[in-house]
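Let's take a walk through this protein together, with the sequence in one hand and the fold in the other. Please keep both in view as we go.

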Amino acid sequence: MQSVHVRRGDTVGVIAGKERGKRGKVLRVSPEKGRVLVEHVNMIKKHQRPTQKLRQGGIIEREGPLALSNVLVVCPRCDKPGRTGIKVLTDGRKVRTCRRCGESIDRG
Ligand SMILES: [Zn+2]
């Protein structure tokens with residue numbers, strides 16, 4: 001399987017497409033589809049059928065998928081979306097690092 005540079009909970013920036021320049025938290029990653037859902041980015045209107053909970057139905061707004069290749073993780077130090085590298089720590093754990101400044105993106 002292809003490795004994915006973003007994970008759920010990451011803050012990402014959109015670098016291409018109509019949502020370019022926006023930022024948000026990753027809600028879901030679908031590596032097999034090459035798609036990612038980012039909070040409050042690429043909002044689309046969807047018709048909601050009436051359900052038990054929502055009797056009225058109607059139109060709801062929700063996040064639409066973005067191409068994984070259009071988002072990059074925002075480095076906390078650079079405060080910009082950037083490419084990430086992998087660093088292996090002395091204890092064998094792998095962390096993602098910012099290629100620009102070397103800052104570790106994964107905490108803990
Ligand atoms: Zn950085």
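In which loop is N42 found? N42 sits in the loop between β3 (35–38) and β4 (43–48). A quick word on these labels: strands (E, at least two residues) are DSSP runs, numbered from the N terminus. Before going on, please note that this is a predicted model, in which local features need pLDDT of at least 70 and side-chain atom pairs count only at pLDDT 80 or more, while totals for chains, interfaces and linings use all residues. Residues are numbered from 1 along each chain as its sequence is written, and side-chain values use heavy atoms, with hydrogens and water left out.

N42 is not a glycine, yet it has a positive phi of about 60°. Most residues other than glycine have a negative phi. N42 counts as buried because its relative accessibility is 10%; here buried means under 20% relative accessible area, exposed means over 50%, and partly exposed lies in between (1.4 Å probe, protein chains only). D79 also has a positive phi without being a glycine, this time of about 55°. You will find D79 in the loop between β7 and β8, where its relative accessibility of 47% makes it partly exposed.

The term stands for a side-chain nitrogen of Lys or Arg within 4 Å of a carboxyl oxygen of Asp or Glu. How many salt bridges does a search of the whole structure find? The search turns up eight. One of them joins E103 to R77, with the closest N and O atoms 2.6 Å apart. This pair links distant parts of the chain, 26 residues apart: R77 is in the loop between β7 (71–73) and β8 (84–88), and E103 is in the segment after β9 (94–98). R77 counts as exposed because its relative accessibility is 55%, whereas E103, at 25%, is partly exposed.

Now look at R93 and D91. These two form a salt bridge as well, and their closest N and O atoms are 3.0 Å apart. D91 is exposed, with 52% relative accessibility, while R93 is partly exposed at 40%.

A further salt bridge is made by the side chains of R96 and D106, at 2.7 Å from N to O. R96 lies in strand β9 and D106 in the segment after β9, so the pair ties together parts that are 10 residues apart in sequence.

Not counting residues up to four places away in sequence, G85 touches V95, R96, T97 and R99, where contact means heavy atoms within 4.5 Å. G85 is buried because its relative accessible area is 13%. G85 and E63 are 22 residues apart in sequence, and their C-alpha atoms are 28 Å apart in space.

Another glycine to visit is G57, in the loop between β4 and β5. G57 is buried, with a relative accessible area of 18%. Leaving aside neighbours within four places in sequence, G57 is in contact with Q48, R49 and P50. From G57 to V74 there are 17 residues along the chain, and their C-alpha atoms are separated by 36 Å.

Let's finish on the surface. Which residues gather there in a patch of positive charge? They are R28, K33, K46 and R62. Such patches are made of residues with over 30% relative accessible area and no salt bridge; like charges are joined within 9 Å, and nonpolar side chains (Val, Leu, Ile, Met, Phe, Trp, Tyr) within 5 Å. R62 is placed in strand β5 (residues 58–63) and is partly exposed at 33% relative accessibility. R28 lies in strand β2 (residues 23–30) and is partly exposed as well, at 49%. Apart from neighbours within four places in sequence, R28 is in contact with R35, V36 and L37. The C-alpha atoms of R28 and P65 are separated by 9.0 Å, although the two are 37 residues apart along the chain.

Conventions. Areas by Shrake-Rupley, 256 points an atom, 1.4 Å probe, with all protein chains shown as cover. Lys, Arg positive; Asp, Glu negative; His and termini not counted. Charge placed at Lys NZ, Arg CZ, Asp CG, Glu CD. Helix = DSSP H or I, 4+ residues; strand = E, 2+ residues; numbered from the N terminus.
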